[in-house]
Amino acid sequence: LADLLTPEEERRLEQKLVAYDDSTSNQVLILTVKTLRGYEADQYATEVGHFWGVGGQEKYDNGVVILVSDGTEEEGKRRFFIATGYGLEGALPAITTNAIAQQFLVPNLKSNNYFEAFDQTTDAVIQAAGGVYQAPAGHGKKKSRGGGPIAMLV
């Protein structure tokens, strides 16, 4: 809806995602918008997934919504989120979708490489759903601040 891709780029992504749906019944939706209309990105992506029935909500709920707000109507603040249906949460927990976003979506969006952002992100989502994707080493691990007496007590 935000017209970030050329018709040819849209066609290429759609072909890939339709083939993936046909072979697995997992559905991936890429949604670009100009504004989130006051919603948080996670809420917007989740609601769109439910409303549009991405992933066959009633039977499987195995869909993924990759949402990007281009920020043109929100003071230039680009927002994104990858929402996963319940049927794929085991393969695509939040830590994995966040790692995928940080590794593929964010850097490409910053460089305005929209097709690469969506192409690489969908490839990683597909790999993760199949159990192949591995987050970069150390992703999601917090640095220790030292235990101290209170931590020992707990």
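Predicted model: local features only at pLDDT ≥ 70, side-chain atom pairs only at ≥ 80, totals over all residues.
Mentor: Residues are numbered from 1 along each chain as its sequence is written, and side-chain values use heavy atoms, with hydrogens and water left out.

Trainee: Why is Asn108 called buried?

Mentor: Buried means under 20% relative accessible area, exposed over 50%, and partly exposed in between (1.4 Å probe, protein chains only). Asn108 has a relative accessible area of 10%, so Asn108 is buried. Asn108 is found in helix 3 (residues 94–110); helices (H or I, at least four residues) and strands (E, at least two) are DSSP runs, numbered from the N terminus.

Trainee: Which residues does Asn108 touch, not counting residues up to four places away in sequence?

Mentor: Asn113, Glu116, Ala117 and Gln120. Contact means heavy atoms within 4.5 Å.

Trainee: What makes strand 1 and strand 2 a pair?

Mentor: Two strands pair if DSSP finds at least two bridges between them. Seven bridges join strand 1 (residues 27–33) to strand 2, so the two are paired, and they run parallel. Val28 stands opposite Val64 in strand 2, and Val33 opposite Ser69.

Trainee: How is strand 2 joined to strand 3?

Mentor: Six bridges join strand 2 to strand 3 (residues 79–84), and these strands run antiparallel. Ser69 stands opposite Arg79 in strand 3.

Trainee: Why are strand 1 and strand 3 said to stand at the edges?

Mentor: The three strands form an open sheet in the order 1-2-3, with mixed pairing. Strand 1 and strand 3 each have a single partner strand, so one side of each is left without a neighbour in the sheet.

Trainee: What makes strand 2 mostly covered?

Mentor: Seven of the seven residues in strand 2 (residues 63–69) are buried. On one side these are Gly63, Val65, Leu67 and Ser69, and on the other Val64, Ile66 and Val68.

Trainee: What makes a set of residues a nonpolar core?

Mentor: The members are buried Ala, Val, Leu, Ile, Met, Phe, Trp, Tyr and Cys residues joined through side-chain atoms within 4.5 Å. The largest has 27 residues, of which Val64, Ile66, Ile100, Leu105 and Phe118 touch the most other members. Helix 1 (7–24), strand 2, helix 3 and helix 4 (114–129) give two or more residues to this core. Helix 4 gives the most, with seven residues. Apart from this core lies another, of 12 residues, including Tyr44 and Val48.
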